[in-house]
Amino acid sequence: MNMMNQDINLSDALPEDETSRQYYYIEKARLYVQELSSRIGRPLTFCVTTFGCQMNARDSEKLRGILREIGYLEAEEDQADFVIYNTCTVRENANTRVYGRLGQLKPRKKKNPHMMIGLCGCMMQEPEVIEKLKKSYPFVDIIFGTHNIFKFAELIAERFATDKPVIDIWEGTDQIVENLPNQRKYAFKSGVNIMFGCNNFCSYCIVPYVRGRERSREPQAILDEIRRLAKDGVVEIMLLGQNVNSYGKTLDEPMTFAQLLTEIEKIEGIKRIRFMTSHPKDLSDELIEVMSRSSKICRHLHLPVQSGSSRVLKQMNRRYTKEQYLELVEKIRKAVPGISLTTDIIVGFPGETEEDFQETLDIVRKVRYDSAFTFIYSKRTGTPAAKMKDQVPEEMIKDRFQRLLTEVQNIAAEVCSVHEGTTQEVLVESICDHDPSMVTGRLSNNLLVHFHGDASLIGKLLPVHLTECKGFYYLGEPGM
Ligand code: 5AD
Ligand code: SF4
């Protein structure tokens, strides 16, 4: 996906257009990398480690694209000359893990002074984190946030030029820089950002503070990217945004998410379309209608409920009640029979009583999710919920969490097994982790199936007979 660097000449003036500017810095950084590489007598290597969600995974592909473009080769972390952590801060334990990993890197960096350490992502948008890093982790070379990831090459060039740590955090931006390098993890599927940021301010969530206000990409830029991906052999795309259902509202020429999907469906070569995340309050009848007609949109919807108690939902600022959520589920199931529903649930939100928790168990029993991500509430400084009274005691939360997990898992095992004996289309993704004579593929509803096959099947769509359900995955036989 490198389209421009051939035209860059470092003796020319720095280009004004942001994409060209970054290709200029890619060239510049490449020279520094070449120089260091000949000094130490071998190619330089990098490792990008991603914490958190699919948005971060997608951002990491952009980091990898740039690092390769400037001459680094990919390696395992313990071999890498440039280690970068793309961080998450949605729950406290994500931060703790990053500090732990940094502590382990310190002695390595001491032994190899040419080594570079980079930190980026959501955690870097928190001022307390930057203070702590400056004080206790001064050996980190490059720190940037979520708004200026497109400047990665420029920051690397600056680090080489000044030989000093570079810290560049922006409070926000409305800039979206297109057409930078990108290295996809899979040849046959790809995430595609359609919007950035979030305006919802759920009271427990730090995302709106660290990812900024909602901004949508121009539909043409999205469609062009997907056409390029399709030409390059991609058959499945995952449209990414914190709240895809409010796509397009901030564009000069507003467009709905359903309209965008309709346009994407027309692109030849794309066989499967997924998207996440959907906020229940914004999921429109128009979208349900488009999903019901579509042959490409996958039969799976991730619809975070967070709690089954209308009282807690109000405190969470989710702007729907338990009843409204259940009505929505009914409407979706009627329009798209057999659709798989998954969700996120938080246990132990401040003030959550046993009765509130029973409402959560009740909604889980009523909806019967195919799977659910369950989280223990984590207090995030700066969010309204952090100041709420009645924080629930840890022991009580743990007990509720276990009860919820058992319920979710029992139901999921029952729900998943209903496809046993059917034949369904599968996209083959990889060689099976546990048995190299088998491959692993994904059904439209997002479940995995293992069956006999070899690497030549990877990226292909084929019918597979689901012979046996093993709880959360299937064993199958191809071609029947
Ligand atoms: N504590 C626990 N879980 C959280 N999530 C977001 N913020 C918090 C928090 N403070 C969960 C929500 C969201 C998912 C991505 O992470 O369930 O849907
Ligand atoms: Fe956080 Fe709510 Fe925005 Fe999701 S919709 S990112 S939970 S504020």
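Is E263 buried, exposed or partly exposed? E263 is partly exposed, at a relative accessible area of 29%; here buried means under 20% relative accessible area, exposed over 50%, and partly exposed in between (1.4 Å probe, protein chains only). The model is predicted, so local features need pLDDT of at least 70 and side-chain atom pairs count only at pLDDT 80 or more, while totals for chains, interfaces and linings use all residues. Residues are numbered from 1 along each chain as its sequence is written, chains are lettered from A and ligands numbered from 1 in the order in which they are written, and side-chain values use heavy atoms, with hydrogens and water left out.

**View 1. The salt bridge of K266 and E263.** The side chains of K266 and E263 meet at 3.0 Å, N to O. A salt bridge is a side-chain nitrogen of Lys or Arg within 4 Å of a carboxyl oxygen of Asp or Glu. K266 is exposed, at 58% relative accessibility. The structure holds 40 salt bridges. Side chains of opposite charge can pair when their charged atoms come close.

View 2. Helices are DSSP runs of H or I with at least four residues, strands are runs of E with at least two, and both are numbered from the N terminus. R293 is exposed, with a relative accessible area of 58%, whereas E289 is partly exposed, with 40%.

**View 3. A salt bridge between two helices, from R403 to E354.** The closest N and O atoms of this pair, R403 and E354, are 2.9 Å apart. R403 lies in helix α13 (residues 394–416) and E354 in helix α12 (residues 354–367), so the pair ties together parts that are 49 residues apart in sequence. R403 is partly exposed, with a relative accessible area of 30%, and E354 is partly exposed with 28%. Elsewhere, R58, E61, E178, R217 and E225 are joined into one network by salt bridges that share partners.

**View 4. E429 in strand β15.** Strand β15 covers residues 423–431 and includes E429. E429 counts as buried, at 8% relative accessibility. Its side chain makes a polar contact of 2.9 Å with the side chain of K189 and another of 3.1 Å with that of R442. A polar contact is a pair of N or O atoms within 3.5 Å; within protein, one must be able to donate a hydrogen and the other to accept it, and residues adjacent in sequence count only if both atoms are side-chain atoms. Leaving aside residues up to four places away in sequence, E429 touches F188, K189, T440, G441, R442 and I458, where contact means heavy atoms within 4.5 Å.

View 5. A backbone N or O atom of Y204 lies 3.1 Å from a nitrogen atom of ligand 1. An N or O atom in the side chain of Q306 is 2.6 Å from an oxygen atom of ligand 1, and a polar side-chain atom of D344 lies 2.6 Å from an oxygen atom of ligand 1.
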